[in-house]
Amino acid sequence: MFDDLNELYQQVILDHSKSPRNFLKLPNPNRVAEGRNPLCGDQITLYVQMEGDVIKEIGFQGSGCAISKATASLLTDALKGKTAAEVKTLF
């Protein structure tokens, strides 16, 4: 079973790394956050368009390893449409 989960994990990471979702700079974000890892050089900028308390649009740009790009892709997919309270609960 562990091998199956490991293979699924690798497939998800590879898929999101090769074809990241929401890999774009929003034209008019009202929230922007930057993250950098000085040890490995990963760099991600997150762009968010909030409408009231809801994440209406979210995107990211940056460079880094497959895991950081896949993680940003999965994160943006998970947060789109959520309220700030729902996001806080996730974290």
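Close-up 1. Leu5, Leu8, Val12 and Leu74 together make a nonpolar surface patch of about 320 Å². For patches, residues need over 30% relative accessible area and no salt bridge; nonpolar side chains (Val, Leu, Ile, Met, Phe, Trp, Tyr) are joined within 5 Å, and like charges within 9 Å. The areas come from the Shrake-Rupley method with a 1.4 Å probe, and for residues only the protein chains shown count as cover. Helix α1 (residues 2–18) gives the largest share of the patch, three residues. Helices here are DSSP runs (H or I, at least four residues), as are strands (E, at least two), numbered from the N terminus. Leu8 lies in helix α1 and counts as partly exposed because its relative accessibility is 47%; buried means under 20% relative accessible area, exposed over 50%, and partly exposed in between (1.4 Å probe, protein chains only).

Before you go on, please keep in mind that this is a predicted model, in which local features need pLDDT of at least 70 and side-chain atom pairs count only at pLDDT 80 or more, while totals for chains, interfaces and linings use all residues. Residues are numbered from 1 along each chain as its sequence is written, and side-chain values use heavy atoms, with hydrogens and water left out.

Close-up 2. Is Ser17 buried or exposed? Ser17 counts as buried because its relative accessibility is 17%. Leaving aside residues up to four places away in sequence, Ser17 touches Ala66, Lys69 and Ala70, where contact means heavy atoms within 4.5 Å.

Close-up 3. Strand β1 (residues 31–36) and strand β2 (residues 43–51) pair in the antiparallel sense over six bridges; strands count as paired if DSSP finds at least two bridges between them. Look for Arg31, which stands opposite Val48 in β2. Six residues lie between the two strands of this hairpin, and Gly41 in the turn has a positive phi of about 95 degrees.

**Close-up 4. Two cysteines without a bond.** A disulfide is a covalent bond between the sulfur atoms of two cysteines. With the cut-off used here (a pair of cysteine sulfur atoms within 2.5 Å), the count comes to zero disulfides. Cys40 is in no disulfide, and the nearest cysteine sulfur, that of Cys65, is 5.8 Å away. Cys40 is partly exposed at 48% relative accessibility, and Cys65 is partly exposed at 38%.

**Close-up 5. The salt bridges.** Side chains of opposite charge can pair when their charged atoms come close. The structure holds two salt bridges, each defined as a side-chain nitrogen of Lys or Arg within 4 Å of a carboxyl oxygen of Asp or Glu. One joins Asp15 and Arg21 (2.6 Å, N to O); Asp15 is partly exposed at 35% relative accessible area, and Arg21 is partly exposed at 26%. Another joins Glu34 and Arg36 (3.1 Å, N to O). Glu34 counts as exposed at 54% relative accessibility, and Arg36 is exposed at 56%.

**Close-up 6. Leu75 in helix α2.** Leu75 sits in helix α2 (residues 66–79) and is partly exposed, with 28% relative accessibility. The C-alpha atoms of Leu75 and Ile58 are separated by 9.6 Å, with the two residues 17 residues apart along the chain.
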